[in-house]
Amino acid sequence: MKSFGLALATLFASRALATNNILTPEKLEADIKLEELERNLWNFDRIAGENGGNRAFGLPGYRASVDYILERAQTRFSAQYDTLVQPFNHTFAQVRSISVTGPDGEAVEVVPLIYNPGTDAGPISAPLIDTPVDDERGSACFEDQWEGIDATGKLALVKRGTCAIADKLKLAKAHGAVGVIMYNNAPGTPSSATLGAENAGLLVPIGTIYEDVGASWKARLAAGEELVVGLAVDAVFEERETWNVIVETKEGDPDNVVVLGAHLDSVQAGPGINDDGSGSSALVEIMTALRSYAGFANKVRFAWWGAEESGLIGSLYYTSGLTEEEADRIRFYFNYDMVGSPAPVFAVYAGDNPGDLAGAQPLVDYLSAAGRDAYFGSFGSSSDYVGFLDLGIPSSGIFTGAGPPTDPCYHLACDTISNVDLEALTTNTKAAAVVAAGLALSLDGVPPRNKTTLNARNKEHVRARFDKWKLA
């Protein structure tokens, strides 16, 4: 009787364990802890500090960030997940030194941009020529704004804002300028930005300076002074290898996959702890929690993208390589890029694909119930959802804001662990976990991807986008 009773007790215990192990959104939500999210951020900050202050594509800090993800996914969680490290090559650029010398011989603080052209023929010293300010359309963005300006042999003084910086540089070059001094369009340290690898060889060198300095030079030019300034840029361009990290549950239907993505790289200017250590940390903790559960119908795939800051390169490489059948299997894509801004908004992406609401609405509902002022925001063209939208895959995600006032340290050295609202990050990660668990359990109401001929976003468009970068 004693042995029978023990066997019966063991049977009941195993059944209880099995019941406990069944995934529910509530269980996954409860497993997300602020302290663990913070621990990941601390480690990303540490990695940057040990590797030149950043975790950027082509540099040691990114490789160390990949290793951080792999230590958990591939080493500790191999029983629950399959892991793929997807290599690809891209043009790496780095400004080794940059300087701007003012009209009175003073050294001027300057910020380098990604893919910033070098002054390969030697430092430039040239007269400064002004260009008109147009805050509505964007200054120096259109041909008519350069009418009557002969910038031959001069450095053009241009205000930042509205259009792509590369467009300003192309127009400056077309009008004879040997370079551009661009002053910021807001107070404070100018943030970094990418000029795009596809523009290599098409642009003049640029130095990006503070708003007040540029405004003072503009006033002096308007008063009739002739100002001669200097610009020197030592830049390197070369092809380097980098990687995406793709981790997928062993459990679930391979024909129905829910994908969560965040980019793992930072800009060269800083450690990128909000952008996008926050999203990367969220994915790490959802992956960690999900491994404890079973009983879900659909696979969940986590993607840490490489070289996002260089132009969405990793995600475009991934989506451009999907076959039609592989794209069909991705039923929903969630993008988590900057989900812990220090003065956060709570924007939830939803676009013109009706399927987007299948993921967007529950995100808004969760955040609203948590007391956050959540709202639907439109997709842009500057994060890793682009390739998935182009394939017609229903998509959503959360975004808490970039640049002042939501994140004054955006793309700067001060984007450290102190630049993250941990409560916002925790709430957003719980929201992402709850919605991912819901779709892992059931895809009811989620339509197949939009492959209609009326959809301007298509596989050829994705391929063209990536090829544009690849050929640069």
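This is a predicted model: local features need pLDDT of at least 70, side-chain atom pairs count only at pLDDT 80 or more; totals for chains, interfaces and linings use all residues.
1. Where does the lining come from? At least two residues of the lining are supplied by each of β1 (81–101), β7 (228–249), β9 (298–305) and α9 (324–329). By residue class, the lining of the second largest pocket holds 6 nonpolar, 2 polar and 6 charged residues.

2. Next, a helix pair worth a look. Helix α4 (residues 60–76) packs with helix α7 (residues 273–290) at an angle of about 10 degrees, and their axes lie 11 Å apart. Because angles under 35 degrees count as roughly parallel, α4 is roughly parallel to α7.

3. Which residues make that contact? From α4 come I69, R72 and A73, while α7 brings V284, E285, M287 and T288. The contact of α4 with α7 divides into 4 nonpolar, 1 polar and 2 charged residues.

4. Finally, a friendly word on confidence. The protein has a mean pLDDT of 92, with 92% of its residues at 70 or more. Residues 1–19 have pLDDT below 50, and beyond near neighbours in sequence this stretch has 1 contact in the model. The pLDDT is also below 50 over residues 465–472, a stretch with 20 contacts in the model beyond near neighbours in sequence.

Technical notes. Residues are numbered from 1 along each chain as its sequence is written. Side-chain values use heavy atoms; hydrogens and water are left out. pLDDT is the predictor's confidence in each residue, from 0 to 100. Contact means heavy atoms within 4.5 Å. Helices (H or I, at least four residues) and strands (E, at least two) are DSSP runs, numbered from the N terminus. Ala, Val, Leu, Ile, Met, Phe, Trp, Tyr, Cys and Pro count as nonpolar, Asp, Glu, Lys and Arg as charged, and the others, Gly among them, as polar. Axes are lines fitted to C-alpha atoms, for helices over the stretch in contact, and angles run from 0 to 180 degrees between N-to-C directions. Angles under 35 degrees count as roughly parallel, over 145 as roughly antiparallel, 65 to 115 as roughly perpendicular and the rest as oblique.
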